[in-house]
Amino acid sequence: MTTKSLVIHPPPTLVTAANTALSNRIVLNDPTLESTWSHRVWVASGCTTVIISLAKSISGAADSHMWLEPIFSGLVGYILADLGSGVYHWGIDNYGGAETPMFGSQIAAFQGHHQWPWTITRRQFANNIHALARAITFTVLPIELIFNDPVLHGFVGVYSGCIMFSQQFHAWAHGTKSKLPPLVVALQEAGILVSRSQHAAHHRPPYNNNYCIVSGVWNAFLDKQKVFEALEMILFFKLGLDPGPGVNPTPTGPKIPKHLQTAIPQNNNDDNKRA
Ligand SMILES: [Zn+2]
Ligand SMILES: [Zn+2]
């Protein structure tokens with residue numbers, strides 16, 4: 001018997017299934033899905049920041065007996081937060097990599113989310129939203145120290161709150177209906193939070209739509225008008241930035257752009273981000 005005859009090659013499908021099962025086990029046991037005290041501190045500071053803005057808006061409205069304008073600006077904040085979440089999500093899904101200054105970890109996490117999207121449901125709450133909570137703390141606190149306008153704070157409080165919790169809304173969009181709180185399901189079905197079906201489309205070919213993850217109200221318009229495609233063209237021709245065709249986790253589908261491949265962690269536990 002020759003050495004060659006002893007080599008047994010398992011069928012490719014079995015190799016794939018075994019690898020997938022192993023990968024899933026690694027993801028489920030990954031301690032980086034758990035919240036740390038530093039995550040919780042950042043979430044507490046982000047929540048405090050949002051509450052200060054809302055409190056300033058409410059007390060200013062009470063003092064001036066002017067309620068309509070702050071409520072209206074809060075509504076505008078809610079609607080524009082969905083747009084903001086989409087623009088941010090589109091940007092980090094398609095540009096840069098783990099090595100990008102400031103946004104590198106967010107980019108790697110969002111892009112990694114596309115390989116094992118469901119793992120976001122295993123990520124603990126503070127772990128999932130702490131990066132946005134930290135960003136909200138740094139950007140919104142200065143506004144609070146400088147301004148007292150109740151209309152401005154109606155907008156800032158609701159907008160920043162929706163952005164901070166967008167990763168939680170995103171996680172719920174990956175949930176199973178029977179396992180989600182009934183109120184969350186009701187809000188998703190009412191279109192107040194991004195729906196499971198709408199976000200599921202983001203994880204299917206061609207992987208370049210439904211980026212918004214607050215209410216999802218902007219998705220139809222942005223995708224129908226090809227707004228992100230137009231932005232990609234502008235960035236490409238004006239700045240020479242080359243967008244990837246989106247992140248496709250299936251090896252048989254359209255290619256994953258090279259710069260995204262390097263950004264996706266191989267033991268992927270980073271679904272933080274995408275969104
Ligand atoms: Zn994405
Ligand atoms: Zn997702």
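Predicted model: local features only at pLDDT ≥ 70, side-chain atom pairs only at ≥ 80, totals over all residues.
Next, display the whole of H3, residues 37-64. The helix has 28 residues and spans 40 Å from its first C-alpha to its last, close to the 40 Å expected at 1.5 Å a residue. Step past its end to His65, which follows H3 and has a positive phi, near 55 degrees.

Now show H3 together with H7. The two helices pack at an angle of about 155 degrees, and their axes are 8 Å apart. Because an angle over 145 degrees counts as roughly antiparallel, H3 and H7 are therefore roughly antiparallel to each other. H3 passes H7 in a left-handed crossing. To see the contact, select Gly46, Val50, Ser53, Leu54, Lys56, Ser57, Gly60, Ala61 and Ser64 on H3, and Pro150, His153, Gly154, Val156, Gly157, Ser160, Gly161 and Met164 on H7. By class, the residues of this contact comprise 6 nonpolar, 10 polar and 1 charged.

Finally, centre the view on Met164, which lies in helix H7. Met164 has 25 other C-beta atoms within 10 Å and is buried. Beyond its neighbours within four places in sequence, Met164 is in contact with Gly46, Val50, Ile129, Leu132, Ala133 and Ile136.

Terms used:
Residues numbered from 1 in each chain as written. Chains lettered and ligands numbered in written order. Helix = DSSP H or I, 4+ residues; strand = E, 2+ residues; numbered from the N terminus. Expected span 1.5 Å × (residues − 1). Axes fitted to C-alpha atoms, helices over the stretch in contact; angles between N-to-C directions. Parallel < 35°, antiparallel > 145°, perpendicular 65-115°, else oblique. Left-handed = near helix turned anticlockwise from the far one by under 90°. Contact = placed C-beta atoms within 7 Å. Nonpolar A, V, L, I, M, F, W, Y, C, P; charged D, E, K, R; others polar. Buried ≥ 20, exposed ≤ 12 C-beta atoms within 10 Å, placed from the backbone.
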